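Please keep the sequence and the structure in view while reading.

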Amino acid sequence: MKNFLKVDLFVKVSGYEINEEEGTFQIQNISFDKGKLLKHTVKIHKLYKEDSLKALVGKTVKVEEPREYKNGIKVFYAGSDIKKADIDEDFKINREITLKVDNIIESTSIDKNTNKKLTHSTIQSIISNGTRTDLFNIKIKNTKKIELDNLKGKEVVVKGVNVASTDFGTFYSSVEKPILLNQPKA
């Protein structure tokens, strides 16, 4: 069983810019969230005709093979192509990880705002990349170990994954409980 991170990126096209020299174009999304202006740009490594892009303004597209790049606190997105999507979202990223549950560890922390004790569980999965073996961890927030014990040894999907990259490594977490692979969410 190979662990993987699946990413779906949906963008409502507010505008576009074509770069014929590079054979690429960029789609822009400008929206507001609680009164705050949000601007997102996604570079697509394919060339479209201007008429095709003009027809997409105001419509939501799904970015094929999305990738995320970080430069300091700024985040850039790219993809190989776009397809029309039947949803109405300004900008939405869905991340999910499929893995085998090899071990579960429980930890606690204190909420800084309420000073309440919170319980979290970390799912651990042993992964092999060729001759190298690693331990992959994903924290499931506000979930006790006993709630996940029945998943030990089974393949699961964790949805709503957050990815945080620091100087110390990349950390994965979710507030959604994992579900058995190929099972509907309860």
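A salt bridge is counted when a side-chain nitrogen of Lys or Arg lies within 4 Å of a carboxyl oxygen of Asp or Glu. The model is predicted: local features need pLDDT of at least 70 and side-chain atom pairs pLDDT 80 or more, while totals for chains, interfaces and linings use all residues. Residues are numbered from 1 along each chain as its sequence is written, and side-chain values use heavy atoms, with hydrogens and water left out.

The protein has one helix and 16 strands; both are DSSP runs numbered from the N terminus, with helices (H or I) of at least four residues and strands (E) of at least two. Its C-alpha trace spans about 55 × 45 × 35 Å along the principal axes. Of the 186 residues, 32% are buried, where buried means under 20% relative accessible area, exposed over 50%, and partly exposed in between (1.4 Å probe, protein chains only).

The structure holds eleven salt bridges. In one of them Lys62 meets Asp8, with the closest N and O atoms 3.5 Å apart. This pair links distant parts of the chain, since Lys62 is in strand β5 (residues 60-64) and Asp8 in strand β1 (residues 4-12), 54 residues apart. Asp8 counts as buried because its relative accessibility is 16%, whereas Lys62 is partly exposed at 29%. Together with Lys6, these two residues are linked in a network of salt bridges.

Another salt bridge joins Arg95 to Glu68, the closest N and O atoms being 2.8 Å apart. Here too distant parts of the chain are linked: Arg95 belongs to strand β9 (residues 91-100) and Glu68 to strand β6, 27 residues apart. Arg95 is buried at 16% relative accessibility, while Glu68 is partly exposed at 32%.

Five strands form an open, mixed sheet in the order β2-β3-β4-β7-β6, two strands being paired if DSSP finds at least two bridges between them. Its edge strands, β2 (15-19) and β6 (67-71), each pair on one side only. Within the sheet, β3 (residues 24-33) and β4 are antiparallel over nine bridges, and Ser31 stands opposite Leu38 in β4.
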